[in-house]
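Thank you all for coming.

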Amino acid sequence: MDISTLQQRLRRFADERAWQPYQTPKNLAMAMTVEAAELLEIFQWLTPEQSLNLSDDQRRHLGEELSDVLLYLVQIADHGGVDLDAAVERKLAMNAVKHPPLKRS
């Protein structure tokens with residue numbers, strides 16, 4: 001997935017619908033939170049084991065909700081001027097320092 005190309009597609013999509021006034025980082029973050037709640041709803045009453053063995057319909061629904069969250073996230077980064085590639089690499093490096101590998105004997 002090319003984030004830059006996806007951001008361009010999302011900008012064009014919003015432009016074609018005159019959504020720019022509403023596409024603020026604040027509004028997009030709020031919308032992403034709503035979508036994240038819908039993602040949680042899929043797993044709400046499942047056991048841990050059931051959550052690992054979703055039906056085809058549940059997996060399709062999961063993909064739709066994950067996509068919604070991702071699309072909003074990408075838009076927030078775009079409107080907020082964040083280079084997601086660089087931010088992810090930096091965060092992974094920080095996490096590697098904060099959470100070193102387990103020493104196995």
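Let me begin with a term: a pocket, as I use the word here, is an open set of grid points with protein on both sides within 12 Å along at least five of seven lines, and a residue counts as lining when one of its atoms is within 4 Å of a point. Please also keep in mind that this is a predicted model.

With that in hand, which residues line the largest pocket? They are L10, F13, A14, W19, Q23, E35, D68, L71, Y72 and Q75, and the space in this pocket comes to about 200 Å³. Sorted by class, the lining has six nonpolar, two polar and two charged residues. Helices α1, residues 3–16, and α4 each supply at least two of the lining residues, and the largest share, four residues, comes from α4.

Now to how these helices are arranged. The axes of α1 and α4 come within 10 Å and cross at roughly 90 degrees, and α1 is therefore roughly perpendicular to α4. On the α1 side the contact is made by I3, L6, Q7, L10 and R11, and on the α4 side by L71, V74, Q75, A77 and D78. The residues of this contact divide into six nonpolar, two polar and two charged.

The other pairing I would like to show you is that of α2, residues 25–43, with α4, residues 56–80, which pack at an angle of about 160 degrees with their axes 9 Å apart. Angles over 145 degrees count as roughly antiparallel, and so α2 and α4 are roughly antiparallel to each other. Their crossing is left-handed. Among the residues that meet here are L28, M32, E35 and L39 in α2, and L62, L66, V69 and Y72 in α4. The residues of this contact divide into 15 nonpolar, four polar and four charged.

Terms used: Residues are numbered from 1 along each chain as its sequence is written. This is a predicted model: local features need pLDDT of at least 70, side-chain atom pairs count only at pLDDT 80 or more; totals for chains, interfaces and linings use all residues. Side-chain values use heavy atoms; hydrogens and water are left out. Axes are lines fitted to C-alpha atoms, for helices over the stretch in contact, and angles run from 0 to 180 degrees between N-to-C directions. Angles under 35 degrees count as roughly parallel, over 145 as roughly antiparallel, 65 to 115 as roughly perpendicular and the rest as oblique. A crossing is left-handed if the near helix is turned anticlockwise from the far one by less than a right angle, and right-handed if clockwise. Contact means heavy atoms within 4.5 Å. Ala, Val, Leu, Ile, Met, Phe, Trp, Tyr, Cys and Pro count as nonpolar, Asp, Glu, Lys and Arg as charged, and the others, Gly among them, as polar. On a 1 Å grid over the protein atoms alone, a cavity is a set of points where a 1.4 Å probe fits but cannot get out, and a pocket is an open set with protein on both sides within 12 Å along at least five of seven lines; lining residues have an atom within 4 Å of a point. Grid points are joined across faces, edges and corners, and a volume is the space filled by probe spheres set on the points.
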